[in-house]
Amino acid sequence: MTQPEQQAWDVVVVGAGGAGLRAAIEARERGARTAVICKSLFGKAHTVMAEGGIAASMGNVNEGDNWQVHFRDTMRGGKFLNDWRMAELHAREAPDRVWELETWGALFDRTADGRISQRNFGGHEYPRLAHVGDRTGLELIRTLQQKIVALQQEDFREHGDHEARLKVFQECTVTRVLMDGEGDAEGAGGEAGEAGGGRVSGVFGYERESGRFFVLRAPAVVLATGGIGKSFKVTSNSWEYTGDGHALALLAGARLTNMEFVQFHPTGMVWPPSVKGILVTESVRGDGGVLRNSEGKRFMFDYVPDVFKEKYARTETEGDRWYEDPDHNRRPPELLPRDEVARAINAEVKAGRGSPHGGVFLDVSTRIPAETIRRRLPSMYHQFKELADVDITAEPMEVGPTCHYVMGGVWVEPDTAQARGVSGLYAAGEVAGGMHGSNRLGGNSLSDLLVFGRRAGLHAAEYALGAAASAPPAVRETAVDAAVAEALRPFGAAEGGAGEGPGAENPYTLHQELQQTMNDLVGIIRRGGEMAEALERLDGLRARARRVGVEGHRQFNPGWHLALDLRNMLLVGECVARAALEREESRGGHTREDHPGMDRAWRRINLLCSLAAEKDGPAAAASASATASTSASAASPGRIELTRSTAPPVRSDLLALFEKDELGKYLSDEELSL
Amino acid sequence: MTHTVHFRVWRGDAEGGGLADFDVEVNEGEVVLDAIHRLQATQAPDLAVRWNCKAGKCGSCSAEINGRPRLLCMTRMSVLDLTAPVTITPLRAFPVLRDLVTDVSFNYAKAREVPAFVPPPGLAPGEYRMRQEDVNRSQEFRKCIECFLCQDVCHVVRDHEENKAAFSGPRFLMRVAELDMHPLDAAAETGLDRKSTAQEEHGLGYCNITKCCTEVCPENIKITDNALIPMKERVADRRYDPLVWLGSKIRRRGA
């Protein structure tokens, strides 16, 4: 077997969205030779789809804002399940991360006195989101992209080579994080609970364009691969969101935390089929849009939970007055938190009161003059006009819940973003877990990318140039050979691969079945029996995925790419299903119909997923019920093992930011008495 | 409402290729990219096509539909004449890699030739003050999703490979304009005159304002009217204003 080309770098960043680019900038500025690998073209990452803004308590619009208030809002939004240290760092550092973007050329919308404008958003006490119209994510990506180019221009002046110290490998996919010694992948994760312990030595991947394999040797690897939405049928996420970093981390011996928490945004487009899942911004409701069912009823008035009864309008007339006079009226229930609205829409559709295409109606046309709609919601007007032939100034939109964000991810050290237990592996952004607890607030994603992207880049560079430099990790030839064989399996070229021929599975078919399974059985409302069934189906899909076959050759072959992505989506899907089955309560982005209440005893419990030992073939993999701490109710043997971890108590000065009464809703009596 | 549409899709690579015929089922409300995806899933699993967000926000799925540069994800089947075959070809101005995927590295090379934003000396992060009126124009240009349709359609390079060295194309001339109009860009203080670089290094003079770039822009940016023409005017001011001319001579002599 020909050995793939190898290059040596100090830091390799996997992913070129907000977190990846920010990490790369930091690592390069700290002196590390840094490589960035991304699946798409440079500048196309999913971050461009973020609309609302970047949450940072700059206090430009309301001087009452500060990091403590932001911290408080974030913990409330996550129902106190958040890693409080991450939430603290995030709230403290977000303003600096926004301001430095201006020094790199970003142009945010302005206040009257020329500062960065900030807008209101769900769950944020003050106007807090720095924004550029409804394309803030694009501005973020473009600014970081142009900062990378600026650094490359600097290197060109100094070294005569743009890519001397910072290179972007675009349209490349990483399929393995390589480990020094015996620490990696299959087998090593079998040690229950204490996974990992290995050292990173690089990555293995392929160029999408040519199909050529390559190895980048590096002591430090930053995962910044985003989320997992493409495991679900209806999603606002792009094709890249196949859970690559989640899976790479698992395979490298790291653990994932909080994987049961998946955010479903209440309003995605439902028709036409081509755009099902595309986001309809929260601002539509903020500006006066109302939700109606097929009977024309504003059903949200029937879905105000008891804890919110005092804060929301009881009648339509009161709700309508709020838009003009928010001080003397209560807000309409259309503006309840995302999880509440999503569940309500789901219930209406289930009860047979949905719209023709399986959603409900979101109407601004009878509420706001056409001219105002076009001015305040230009991209929504454009989106519906172009894609759905719907004039939102004249008729209602059809909307329904769409899979939007995964709160769970790599279990990291909060200060360094290092994956716990794996030297040299870091994770930042959506692929990292903990920061958002059980539910993320709008606007906290972009700030998360910047704060923890920078921290990951900083610590990866320090590690690569410090501790790792004295004893550089080695890339094992056997690991590279195994990675090559794994990648070639769909062609039937590798030993043991089924490849083409009778019985070969179509990757597109398997992907569709996976999406349907996750959507139907581990979706917005969950039931124990359905999730057990999902685990069984995933087991079957995993077995079939071993026989997946593709045609053609390796040059830009999307069927092959999908075949390789399936491994990741199946692993991540199992993590979500297994953790969701285990957590017998409802909290944030995890709703159990059979366990509807939030249980204080569960607050400090994080469910950790690690790779189970694989025996002879997928069906014979070790049962998760083998360890004492895992659930006996686990339906089928799989590749993922669950363990429980108890979160450390919240630091007392941070607890003091809350009223005792409020803490009582979340913390156990025992925690409160400390 | 499902019906069958006849597609002719260019298949091949750098060595050559041609149009291949396919009948594809199309449902009401779908866009061209849906049809391409169905083609991949059912008949041509190795058909190469770039795409990403499928919402008109990333600019990945640029191609030519019946000869016109467009985003595959934002072109609804219903706007096309379906009595004739629908022809999908790769962007013509860039070398083909495979099927509908082209080598767009020209654009990334040109991006590197535009000197970056120069932060104003003496202003710390957080101290920047700009009026909304003053950032509106550059903000319009920053709506660009880098789909490169304008680069593809511009006839300075569309069929003239030889012009590529001297001409950066509408997207990057607009980038120069964006920086030149940035209220706090301090390039001038470092001796960098963005206006003259537009003319001398990025080939602004090649543009003969036919507005093709503006017509194909999916973000509806007025590239010609708001970026290229004002840059041409600024260049002209600079070149033919006697005071500016004198000033540049004196400064040069002093240096």
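Let's start with E146(B), which sits in the loop between α3 and α4 (149-153) of chain B. When I say helices, I mean DSSP runs of H or I with at least four residues, while strands are E runs of at least two, and both are numbered from the N terminus. This is a predicted model, where local features need pLDDT of at least 70, side-chain atom pairs count only at pLDDT 80 or more, and totals for chains, interfaces and linings use all residues. Residues are numbered from 1 along each chain as its sequence is written, and chains are lettered from A and ligands numbered from 1 in the order in which they are written.

So, what about the phi of E146(B)? It's positive, about 55°, although E146(B) isn't a glycine. In that loop between α3 and α4 of chain B you'll also find F148(B), with a positive phi of about 65°, and that's not a glycine either. For background, most residues other than glycine have a negative phi, and most peptide bonds are trans.

Buried or exposed, then, for E146(B)? Buried, because 26 other C-beta atoms lie within 10 Å; the cut-off is 20 or more for buried, 12 or fewer for exposed, partly exposed in between, with C-beta atoms placed from the backbone. F148(B) is buried because it has 23.

Now over to chain A. A cis peptide bond joins W271(A) and P272(A), with omega about -5°. P272(A) is in the loop between β13 (262-269) and α6 (283-286) of chain A.
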